[in-house]
Amino acid sequence: MEEKQNEKEVKEKKSKNETNFKTVVTNNPYNAKKVKNKSGFGKSVLLPFCSGVVGCAVVVGTCFGIPSIRSQILDNNTSTINSNSSNNASSGYVSQVSLENYSDTAVYAANKILPSIVGIKLEYTVNNAMLSMFGQPSTSTATATGSGIIISEDGYILTNNHVISSDSSNSDSYYQISEASKLTVTLFNDDTEYSATIVGKDEETDLAVIKIDKTGLPKAEFADSDSIKVGEFAMAVGNPMGMDSTVTCGIVSAVNREVTDSDGKTYTLIQTDAAINAGNSGGALVNSEGKVIGINTLKLEGTGIEGLGFAIPINSTTDITSQLIEYSKVKRPYIGLTGMDLDEETAKKYNLVSGVYVKSIEDFSSAEKAGIKPGDVIIEADGTKISTMDDLNKIKNSHKIGDEMKIKVNREGQERELTVTLGEQP
């Protein structure tokens with residue numbers, strides 16, 4: 001009896017343990033997933049998924065196979081990207097940049113300005129005194145090239161003075177450079193060399209006007225160079241190294257940049273990183289509309305220097321150009337004195353004041369008539385402090401011939417104010 005009861009209890013415990021094991025197995029997620037995979041995964045998931053992929057491929061392939069549908073899809077996608085780019089740009093980030101507009105801008109600007117740019121060639125004679133001493137041929141012909149801008153339909157061309165003037169500063173006891181013996185111009189897409197004459201030139205501004213005997217020329221269009229901004233598009237156009245009709249692109253790097261050239265002259269110029277090389281001088285710097293904003297004039301050269309080119313603002317050339325055409329020169333106001341910059345250290349050494357020391361006065365000049373004397377130190381002009389001759393000339397050149405100019409001098413420790421009526425520079 002006791003054995004049957006024990007046998008019954010063992011069976012009940014065994015049955016209970018089997019039930020617990022089955023419960024654990026059934027409730028185990030890992031095993032449940034395995035069971036589920038074995039039972040219906042292929043039918044319930046895999047087959048519908050593959051069908052969806054195949055269907056999608058067919059639809060996309062069909063849409064992109066039809067041009068109108070493909071175009072519409074791509075246009076919509078581009079609009080979305082541009083919209084996102086605009087939103088990102090407002091927050092300081094740009095997700096995508098297209099160069100298509102930049103390329104179109106360069107193409108338009110080049111097509112607009114190129115017909116108005118000319119190549120200039122100068123021929124002059126070089127005399128070698130050393131060869132002459134030994135009875136050998138001592139003369140040779142040298143050439144120089146540059147660029148110019150057509151400013152009228154009847155043949156007037158604007159360029160740099162240094163382009164059409166032989167550099168006599170290179171002459172020495174052995175080499176003598178003559179004035180230009182021949183000046184020719186070539187037009188865009190025209191290999192004909194047209195003989196040119198010098199209408200007028202101005203060394204102070206490095207500008208010159210020449211003319212060829214031809215009409216119906218495409219004159220360049222000028223922009224307002226006073227309104228240009230740092231960072232805007234800039235294209236340099238000219239004939240660098242004799243390579244006609246070359247364009248290089250960059251931006252306006254700076255405006256009103258004061259630069260002093262190798263001759264000590266100071267200019268106020270537009271700075272650009274568009275490549276400017278020998279032969280570009282006299283050519284145009286244009287904006288995105290192909291309108292001239294400056295005349296390529298200078299570049300900085302040397303080890304480690306790159307992308308530092310300079311152009312004369314076109315607004316500053318208009319009056320000069322008009323005078324060169326009308327008078328063959330520039331009429332400037334004139335004081336009639338020679339002076340020397342006097343800094344504080346030098347002035348203190350000689351018991352003087354800083355300013356411009358008057359070294360000499362020309363006879364019958366405006367300075368003599370106003371009472372300025374050698375030994376005076378000019379300290380003010382029109383109420384502005386004067387430290388250098390450049391300061392004095394800037395104020396003088398802001399006037400016209402016949403204007404009155406107030407000048408304050410220090411004479412033997414006493415200040416005097418004098419009135420100068422400006423004459424015309426001889």
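Reader: What is the mean pLDDT of the protein chain, and what share of its residues reach 70 or more?
Author: The mean is 81, and 71% of the residues reach 70 or more. pLDDT is the predictor's confidence in each residue, from 0 to 100. Over residues 16–39 it is below 50, and that stretch has 3 contacts in the model beyond near neighbours in sequence. Contact means heavy atoms within 4.5 Å.

Reader: What are the ground rules?
Author: This is a predicted model: local features need pLDDT of at least 70, side-chain atom pairs count only at pLDDT 80 or more, and totals for chains, interfaces and linings use all residues. Residues are numbered from 1 along each chain as its sequence is written, and side-chain values use heavy atoms, without hydrogens and water.

Reader: How do you know that strand 8 and strand 11 pair?
Author: Strands pair if DSSP finds at least two bridges between them. Strand 8 (residues 233–238) and strand 11 (residues 284–286) have 3 bridges, so they pair, in the antiparallel sense. Met235 stands opposite Val286 in strand 11. Strands here are DSSP runs of E, at least two residues, and helices are runs of H or I, at least four; both are numbered from the N terminus.

Reader: Which strands make the closed barrel?
Author: The 6 strands run 8-9-10-13-12-11, with antiparallel pairing. The twist averages 50 degrees from one strand to the next.

Reader: What lies across strand 8 at about 40 degrees?
Author: Helix 4 (residues 100–113) does, and it also lies across strand 9, strand 11 and strand 12. Such angles run from 0 to 180 degrees between N-to-C directions, with axes fitted to C-alpha atoms, for helices over the stretch in contact.

Reader: What makes strand 19 and strand 20 a pair?
Author: The count is 8 bridges against a required two, so they pair. They run antiparallel. The hairpin has 2 residues between the strands, and Glu412 takes a positive phi near 55 degrees.

Reader: Which residues of helix 10 are called buried?
Author: Met389, Leu392, Ile395 and Lys396 are. Buried means under 20% relative accessible area, exposed over 50%, partly exposed in between (1.4 Å probe, protein chains only).

Reader: Why are these residues said to be on the same side of helix 10?
Author: Because they cover an arc of only 130 degrees around the axis. The arc is that of the directions from the helix axis to the C-beta atoms. The buried residues pack against several strands, including strand 16 (355–361) and strand 19.
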